[in-house]
Amino acid sequence: MALKGSAVRIRLSPLINTVICTLVWLLGFPCPLKAAPIVERLEFMGRYEFPTTQQVQGTAFGGISGLAYAPSTQRFYGVSDDPHRSRLYQLSLDYSSAGFSAARVEAVVPLSVDLDGEGIALSGPDTVWISSETAPYLNAFDRRTGKLLRSLRLPDAFTPGQSRGLRNNRAFESLTLTPDGQRLYVATEQALQQDGPSSDLQQGSRCRIVEFDLRTGQATRQFVYQTEPVPSPSNPFFNENGLVDLLALDNDGHFLALERSVSGVGFGAKLFEVSLGNAEDVTARTSLSGQAVGSVQKTLLLNLNTLAGAENFILDNLEGMSFGPSQADGSRSLVLISDDNFSRPLPQRTQVLALRLVLASGPRRP
């Protein structure tokens, strides 16, 4: 089943778009045109749910909050958000347009530093970057041994404090590397305390995306990503919609973004295409509260609740997103995974969804 984005798009060639935006900018106005879309459509391939009682090398399997794929080994790596026993899982996921044929947990790698791992990105043959949701950590580990290799220093604005900095348990859910491996992007799940409120039924939240140059280890730019409001109806206990993962499509500032919501209808999730092209660099802004900001452009690609309804399953707590192996026609697969929160005996699962990613210019590697 093919599901296309709900928005009607006017397509301009990148050259025409650039020329018009440059002329408008010279006149002193922001460019009103959206970047030419990269993603044409997403096609559902299959779903798999891991058993809730699975044990791997003496640890309970679960809490998978981030996912990354290593083409060299054709294996996926999932980071568990258990802050008391931080670990990586090596996964084998076999699927095609006919659905899943197998899924296995092959190994577990304990990390040398305990952290609430949420975002994950692979760099080079042996390095894995991991971000934390509860503290301002951005660390690189050896994915074979779990040894800490490197840490990046975050801008001071993110340091938690009274009425400023990262919100507890709403820090760095999203993490991605550009295909050339030179830039790393990390994003908050909700706004910094000084930037505005968390999401609610009336409004979204202003998340910050931070760009790092891995050659120098320095943060170079910051951008604002505005989430959607929480879907109604309200949940009497907990309502939220946040940015839970980013995935770089190219080296030029185009991403997939995954927003995950919790409301009176249960879990929800939406996929967006994002462009940094005309967004404002807000590095110098210590606070965004009450200010107009040039946020990143975003276009809805797929409401995953619509997909779940069409395929007759219930959407779980999706938090991780990764490319997978190339398909027969050269297109890429996209894999989403849910965090079960170790919710035994509650009915949350480690749910895996596989989608085929069709690009506007024809099949190509992002």
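Among contacts (heavy atoms within 4.5 Å) between residues at least 6 apart in sequence, 60% join residues at least 24 apart. Keep in mind that this is a predicted model, where local features need pLDDT of at least 70 and side-chain atom pairs count only at pLDDT 80 or more, while totals for chains, interfaces and linings use all residues. Residues are numbered from 1 along each chain as its sequence is written, and side-chain values use heavy atoms, with hydrogens and water left out.

**The whole protein**
- You'll find two helices and 23 strands here (DSSP runs numbered from the N terminus: helices are H or I with at least four residues, strands are E with at least two).
- Of the 366 residues, 54% are buried, meaning under 20% relative accessible area with a 1.4 Å probe, counting protein chains only.
- The protein exposes about 15500 Å², and carbon and sulfur atoms supply 53% of that (areas by the Shrake-Rupley method, 1.4 Å probe).

- Four strands line up in the order 5-6-7-8 with antiparallel pairing, forming an open sheet (two strands pair if DSSP finds at least two bridges between them).
- Strand 5 (64–70) and strand 8 (99–110) are at the edges with a single partner strand each, so one side of each has no neighbour in the sheet.
- From one strand to the next, the twist averages 25 degrees (axes are lines fitted to C-alpha atoms, and angles between N-to-C directions run from 0 to 180 degrees).
- Strand 6 (residues 75–80) and strand 7 (residues 87–96) share five bridges in the antiparallel sense.

**Zooming in on D142**
- D142 sits in strand 11 (residues 138–142), and it counts as buried because its relative accessibility is 11%.
- Its side chain reaches two backbone nitrogens: that of R144 at 2.8 Å and that of T145 at 3.3 Å.
- Skipping neighbours within four places in sequence, D142 is in contact with D126, K147 and L149.

**Helix 2 and its ends**
- L304, L307 and A308 are the buried residues of helix 2 (residues 304–311).
- These residues lie on the same side of helix 2, because they cover an arc of only 100 degrees around the axis (taken from the directions from the helix axis to the C-beta atoms).
- An α-helix has 3.6 residues a turn, so residues three or four places apart point the same way.
- N303 caps the N-terminal end, with a side-chain oxygen 2.9 Å from the backbone nitrogen of N305.

Notes:
Buried means under 20% relative accessible area, exposed over 50%, partly exposed in between (1.4 Å probe, protein chains only). A polar contact is a pair of N or O atoms within 3.5 Å; within protein, one must be able to donate a hydrogen and the other to accept it, and residues adjacent in sequence count only if both atoms are side-chain atoms.
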